[in-house]
Amino acid sequence: MSSNKVLIYIGLLATVLSSSCGIYKLNGVTIPESIKTVSVAYIENKASLVAPDLSPALSDKLRTKFLTQTNLRLIDDEGDFTISGEVIEYSVGPVGSQDNATASVNRLQIVVRARLECSKEPKLEFDRTFTQFEDFDADKNLADVESDIIQNLSDNLVQEIFNKATLNW
């Protein structure tokens with residue numbers, strides 16, 4: 001058998017095997033083929049301390065992540081993947097202290113409760129919390145660093161939620 005025929009058979013076999021499993025992968029993302037749409041509800045801020053930009057940032061970043069990292073079509077309501085959630089904690093507090101008992105480092109922490117509903121693949125559903133924090137020098141005013149920290153933490157939270165929804169681990 002010529003080497004060209006062997007390559008053709010291997011190519012055909014690979015095509016058949018990869019197309020028959022019912023799952024597609026894009027950038028390491030694993031989503032069953034039955035999932036075609038995603039809807040991301042507004043992530044409400046139910047924490048006692050509220051950062052006005054946090055909820056819109058989380059909601060928009062989650063939508064963008066699914067649009068750019070998957071083949072799913074974004075719809076307003078009742079997607080095959082329906083993601084909802086809320087910020088349940090937004091806190092700032094001291095972490096370390098110096099010899100004179102004043103804080104040397106403060107920590108901004110965000111906790112989000114996120115849910116994935118999926119009627120087509122119920123085993124993928126979850127309801128859990130995701131926590132991210134960043135420490136900053138206590139000599140800095142929170143107002144001066146808050147926006148950058150929120151951007152970093154919201155990026156990390158979105159990545160965690162996305163991974164939980166799409167990597168199946």
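Q: Where does Lys-140 lie?

A: Helices and strands are DSSP runs, helices being H or I with at least four residues and strands E with at least two, numbered from the N terminus. Lys-140 is found in the loop between strand E8 (126-137) and H3. This is a predicted model, in which local features need pLDDT of at least 70 and side-chain atom pairs count only at pLDDT 80 or more, while totals for chains, interfaces and linings use all residues. Residues are numbered from 1 along each chain as its sequence is written, and side-chain values use heavy atoms, with hydrogens and water left out.

Q: Is Lys-140 buried, partly exposed or exposed?

A: A residue is buried under 20% relative accessible area, exposed over 50%, and partly exposed in between, using a 1.4 Å probe and protein chains only. Lys-140 has a relative accessible area of 48%, so it is partly exposed.

Q: Which elements make up the protein, and in what order do they run?

A: The secondary structure comes to three helices and eight strands. From the N terminus on, the order is α-β-β-β-β-α-β-β-β-β-α.

Q: How are two packed helices described?

A: The description uses the angle between their axes and the distance between the axes. Axes are lines fitted to C-alpha atoms, for helices over the stretch in contact, and angles run from 0 to 180 degrees between N-to-C directions. Here, helix H2 (residues 54-69) and helix H3 (residues 142-166) have axes that come within 9 Å and cross at roughly 45 degrees. H2 is therefore oblique to H3; angles under 35 degrees count as roughly parallel, over 145 as roughly antiparallel, 65 to 115 as roughly perpendicular and the rest as oblique.

Q: Which residues make the contact between H2 and H3?

A: Contact means heavy atoms within 4.5 Å. Among the residues involved are Leu-58, Leu-62 and Phe-66 of H2, and Val-158, Ile-161 and Phe-162 of H3. By class, the contact has 11 nonpolar, five polar and three charged residues. In this scheme Ala, Val, Leu, Ile, Met, Phe, Trp, Tyr, Cys and Pro are nonpolar, Asp, Glu, Lys and Arg are charged, and the others, Gly among them, are polar.

Q: Is Phe-66 buried or exposed?

A: Phe-66, which lies in helix H2, counts as buried because its relative accessibility is 0%. Not counting residues up to four places away in sequence, Phe-66 touches Val-38, Leu-72, Phe-81, Ile-83, Phe-162, Ala-165 and Thr-166.

Q: Which residues are in contact with Thr-37, leaving aside its neighbours within four places in sequence?

A: They are Leu-72, Arg-73, Ile-75, Gly-79, Asp-80 and Phe-81. Thr-37 lies in strand E3 (residues 37-40) and is buried, with a relative accessible area of 7%. Thr-37 and Asp-80 are 43 residues apart in sequence, and 5.1 Å apart in space from C-alpha to C-alpha.

Q: What is the phi of Glu-78?

A: Phi of Glu-78 is near 55 degrees, a positive value in a residue other than glycine. Glu-78 belongs to the loop between strand E5 (73-74) and strand E6 (81-97), and at 75% relative accessibility it counts as exposed.

Q: Where is Pro-94 placed?

A: Pro-94 is in strand E6. With a relative accessible area of 64%, Pro-94 is exposed.

Q: How much of the protein is made up of buried residues?

A: Buried residues make up 37% of the 169 residues. Among contacts between residues at least 6 apart in sequence, 64% join residues at least 24 apart.
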